[in-house]
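Please study the sequence and the structure before reading each solution.

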Amino acid sequence: MKKSATSGPLGRKEFLKAMGLGGVSLILPGMVPKPELVSGIISQPIKIYDNYLRGVQYYELGKYLDELNVGDGVSFTRFPAHEYDRFAVGVTWQGHFLGYLPAYENIVLANLLDAGVRLSGMVTAKHSLQEVGIGIWAELITSGSCNGAKLSDTAADKVEDWYRR
């Protein structure tokens, strides 16, 4: 006997359709339902990375350091065929190649870029040529339950944990 949509518990597929999430929108970028259409689920930018650029002495950062400002947007380019690092992620500002994200922590970001995730970035610090910070944000779907929670914007090297000394 077939149950109607109004009787008995909903199956996973019916539940997702009722919530406006219909399977595909959970995995395809740009297909996220509008937050106002789905209660309890929101899409928000989450800071996922913040650290200094590397290899800057070999590229154009020194030439444009005086023009570069905290808050300026940057873009990212993957270099999967890079001679020394197959997870290389380059950083560009206004068409100028500035350097790379550190090799010891770029694998997750490289995988996100390879999967088509749209990342946004900006300059978060500018102390010297060797200390230009780059922050990266990803638009993530979260439950609305953490709306009031303040997410940390502090760089890891600025946190006073005993193992970071």
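**Exercise 1: Aromatic pairs**

The structure holds 7 aromatic pairs. Such a pair joins rings of Phe, Tyr or Trp (its six-membered ring) whose centres lie within 6.5 Å; planes under 30 degrees apart count as stacked, over 60 as edge-to-face and the rest as tilted. This is a predicted model, in which local features need pLDDT of at least 70, side-chain atom pairs count only at pLDDT 80 or more, and totals for chains, interfaces and linings use all residues. Residues are numbered from 1 along each chain as its sequence is written, and side-chain values use heavy atoms, leaving out hydrogens and water.

Task: classify the pair of Phe79 and Tyr100, and locate both residues.

Step 1. The centres are 5.7 Å apart with 70° between the planes, so Phe79 and Tyr100 are edge-to-face.

Step 2. Phe79 belongs to strand E2 (residues 73-79) and Tyr100 to strand E4 (residues 96-100), 21 residues apart; strands are DSSP runs of at least two residues (E), helices of at least four (H or I), numbered from the N terminus.

Step 3. Tyr100 is buried at 15% relative accessible area, whereas Phe79 is partly exposed at 30%. Buried means under 20%, exposed over 50%, and partly exposed in between (1.4 Å probe, protein chains only).

**Exercise 2: Salt bridges**

Task: which residue forms a salt bridge with Arg78?

Step 1. A salt bridge requires a side-chain nitrogen of Lys or Arg within 4 Å of a carboxyl oxygen of Asp or Glu.

Step 2. Asp114 is the partner of Arg78, with the closest N and O atoms 2.8 Å apart.

Step 3. Because Arg78 lies in strand E2 and Asp114 in helix H3 (residues 107-114), the pair ties together parts 36 residues apart in sequence.
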